[in-house]
Amino acid sequence: MRGGGLVNTEALKSPAPAAGSLKAQAFDFWRSRSMRERQALGAGLIALIVVLIWLTLVQPAWRTLREAPARLDDIDRQLQQMRVTANEVAALRSVAPVSAPQAAAALKTATDRLGKNARLSLQGDRASITLTGVTSDDFEEWLTEIRSAARARPIEASLSRAPQGYSGTIVVTFGSN
């Protein structure tokens with residue numbers, strides 16, 4: 001096919017520029033395209049730029065705005081819990097300490113309320129409590145009572161939770177902590 005064919009044979013015959021820059025090659029490539037090809041390439045380039053801008057700038061910002069209210073609610077809940085805990089700590093620190101015999105008596109009274117589900121063993125300013133099938137509510141009440149009345153604090157725990165309740169051992173220290 002000479003002359004009037006579909007392929008531009010003149011472009012194929014010309015030698016590649018020996019020291020041509022990338023910019024000159026791109027310009028030559030662009031000029032050798034028909035108007036329709038230039039429009040299609042331009043539209044594709046614009047689409048590619050839009051996608052890149054969306055993926056790198058818009059979408060992350062949009063996600064942050066969408067997730068921010070839920071994150072703020074979580075942070076507010078954590079802050080509220082920290083304030084409750086701080087108030088509890090302040091209240092416990094402001095209460096006068098109890099003597100070791102008073103703390104042991106309060107610990108025994110609290111443990112006796114659990115009935116046959118708890119066994120208390122005192123060793124100096126420490127106590128070991130063995131629990132068997134104590135319900136969650138009873139365990140929470142007992143723990144609150146020993147913290148406030150006996151000023152006891154758990155230092156070691158080995159508990160397991162079963163359908164019938166908590167079982168295991170808790171070691172607490174009490175007296176002048």
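1. Does Arg71 count as buried or exposed? Its relative accessibility is 54%, and the cut-off for exposed is over 50%, so Arg71 counts as exposed. Please keep in mind throughout that this is a predicted model.

2. Arg71 has a salt-bridge partner in Glu67, with 3.4 Å between the closest N and O atoms. Both residues belong to helix 3 (residues 35-94) and sit four residues apart, about one turn of the helix. Glu67 is partly exposed, at a relative accessible area of 30%.

3. Helix 3 holds another such pair, Asp74 and Arg77, three residues apart and again about one turn of the helix. Here the closest N and O atoms of the salt bridge are 2.3 Å apart. Asp74 is partly exposed at 37% relative accessibility, while Arg77 is exposed at 54%.

4. The salt bridge between Arg113 and Glu145 has its closest N and O atoms 2.2 Å apart. Arg113 lies in the loop between helix 4 and strand 1, and Glu145 in helix 5 (residues 136-148), so this pair ties together parts 32 residues apart in sequence. Arg113 is exposed, with a relative accessible area of 57%, and Glu145 is partly exposed at 23%. The whole structure has five salt bridges, including this one.

5. Now to the overall layout. The protein has five helices and four strands, running α-α-α-α-β-β-α-β-β from the N terminus. The four strands make an open sheet in the order 1-2-4-3, with antiparallel pairing. From one strand to the next, the twist averages 10°.

6. Strand 3 and strand 4 (residues 165-173) run antiparallel and are joined by nine bridges. Ala162 is found opposite Gly165 of strand 4. Helix 4 (residues 100-112) packs on the sheet, where it touches strand 1, strand 2 (126-134) and strand 4. The direction of helix 4 makes about 165° with that of strand 1.

7. Some totals to finish. Of the 177 residues in the protein, 17% are buried. The accessible surface is about 13,500 Å², with 59% of it belonging to carbon and sulfur atoms. Among contacts between residues at least 6 apart in sequence, 53% join residues at least 24 apart.

Methods
Residues numbered from 1 in each chain as written. Predicted model: local features only at pLDDT ≥ 70, side-chain atom pairs only at ≥ 80, totals over all residues. Heavy atoms only, no water. Helix = DSSP H or I, 4+ residues; strand = E, 2+ residues; numbered from the N terminus. Buried < 20%, exposed > 50% of the residue type's maximum accessible area, 1.4 Å probe, protein only. Contact = heavy atoms within 4.5 Å. Areas by Shrake-Rupley, 256 points an atom, 1.4 Å probe, with all protein chains shown as cover. Pairing = 2+ DSSP bridges. Axes fitted to C-alpha atoms, helices over the stretch in contact; angles between N-to-C directions. Salt bridge = Lys/Arg side-chain N within 4 Å of Asp/Glu carboxyl O.
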